[in-house]
Amino acid sequence: MPLFPASFVEDLKSHLDIVQIVGERVQLRKAGAASWKGLCPFHGERTPSFHVHGDRQFFHCFGCGESGDVFKFVQKLDTLTFPDAVRQLAGRAGMTVPEPEDARADAESAREREALLKVHEVAAAWFKAQLATAAGRGALRGSARTWPRRGFPTPFCSGAVSSPSTSSSSRATGSATG
Ligand SMILES: [Zn+2]
């Protein structure tokens, strides 16, 4: 699972300008309409072969072959992990980083929800199977008037999370199990 939502990383990236960020660390000279060049910070050189492209927001060095986006640049230059580079750049862009704890909590509640739905499915299938037996069919006929005409009886579908509130619900449950 990625540490940050891809949408957040993309959003953050759109708030950053790689030319400006690289320009603070490397002396850049304009080399084209939207491209700049300077001395590569990743290898020793005397002739600039390090290019930064503002339109495509990436850097590339023809000397050492290093290339990437703004995150890669900060990661490499400051020896940071990707999450730390994201945090640093988010801080400067004034954006709040969704912390991994939040992501974990989200995943947990999604798992719980899934499990609950599964319980309902299993319970519904079990009751449905019971109703298919001779005894079940008898019970179904006996209490047909108290149940909805179509679909599955509501007490069985909602019974797992909330107790039946009406007397007709309790009666239906009673006749099916008894
Ligand atoms: Zn280089």
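**Elements.** I counted 8 helices and 5 strands in the protein chain; helices (H or I, at least four residues) and strands (E, at least two) are DSSP runs, numbered from the N terminus. I read their order from the N terminus as α-α-β-β-β-β-β-α-α-α-α-α-α. This is a predicted model, in which local features need pLDDT of at least 70 and side-chain atom pairs count only at pLDDT 80 or more, while totals for chains, interfaces and linings use all residues. Residues are numbered from 1 along each chain as its sequence is written.

I looked up the buried share, and it is 15% of the 178 residues in the protein chain. A residue is buried if 20 or more other C-beta atoms lie within 10 Å of its own, exposed if 12 or fewer, and partly exposed in between, with C-beta atoms placed from the backbone. I then took contacts, meaning pairs whose C-beta atoms, placed from the backbone, lie within 7 Å. Among contacts between residues at least 6 apart in sequence, 41% join residues at least 24 apart.

**Sheet.** I found that 5 strands form an open sheet in the order E1-E2-E3-E4-E5, with antiparallel pairing; two strands pair if DSSP finds at least two bridges between them. Strand E1 (28-30) and E5 stand at the edges with a single partner strand each, so one side of each has no neighbour in the sheet. I checked E3 and E4, which pair in the antiparallel sense over 4 bridges. Phe50 stands opposite Cys61 in E4.

**Core.** Of its 18 residues, Val22 and Leu89 touch the most other members. H2, E3, E4, H3 and H4 are the elements that give two or more residues to this core. I listed the contacts of Val22, not counting residues up to four places away in sequence: Leu28, Val52, Phe59 and Phe73.

**Helix H3.** I noted Val70, Phe71, Phe73, Val74 and Gln75 as buried in helix H3 (residues 70-78). The buried residues of H3 pack against helix H1 (6-14), helix H2 (18-23), strand E4 (58-61), strand E5 (67-68) and helix H4 (82-93). Just after H3, I found Thr79 with a positive phi of about 50°.

**H3 against H4.** I looked up the packing angle, about 110°, with the axes 9 Å apart. Axes are lines fitted to C-alpha atoms, for helices over the stretch in contact, and angles run from 0 to 180 degrees between N-to-C directions. H3 and H4 are therefore roughly perpendicular, the class for 65 to 115 degrees. I listed Val70, Phe71, Val74 and Gln75 in H3 as meeting Phe82, Ala85, Val86, Gln88 and Leu89 in H4. The residues of this contact divide into 7 nonpolar, 2 polar and no charged; Ala, Val, Leu, Ile, Met, Phe, Trp, Tyr, Cys and Pro count as nonpolar, Asp, Glu, Lys and Arg as charged, and the others, Gly among them, as polar.

**Two loop residues.** I placed Thr47 in the loop between strand E2 (35-38) and strand E3 (50-53). Thr47 counts as exposed because it has 8 C-beta neighbours inside 10 Å. I placed Gly63 in the loop between E4 and E5. Gly63 counts as partly exposed because it has 15 C-beta neighbours inside 10 Å. Leaving aside neighbours within four places in sequence, I found Gly63 in contact with Cys40, His43, Glu45 and Ser49.

Methods. Two residues are in contact if their C-beta atoms, placed from the backbone, lie within 7 Å. A nonpolar core is a set of buried Ala, Val, Leu, Ile, Met, Phe, Trp, Tyr and Cys residues joined through C-beta atoms within 7 Å. Angles under 35 degrees count as roughly parallel, over 145 as roughly antiparallel, 65 to 115 as roughly perpendicular and the rest as oblique.
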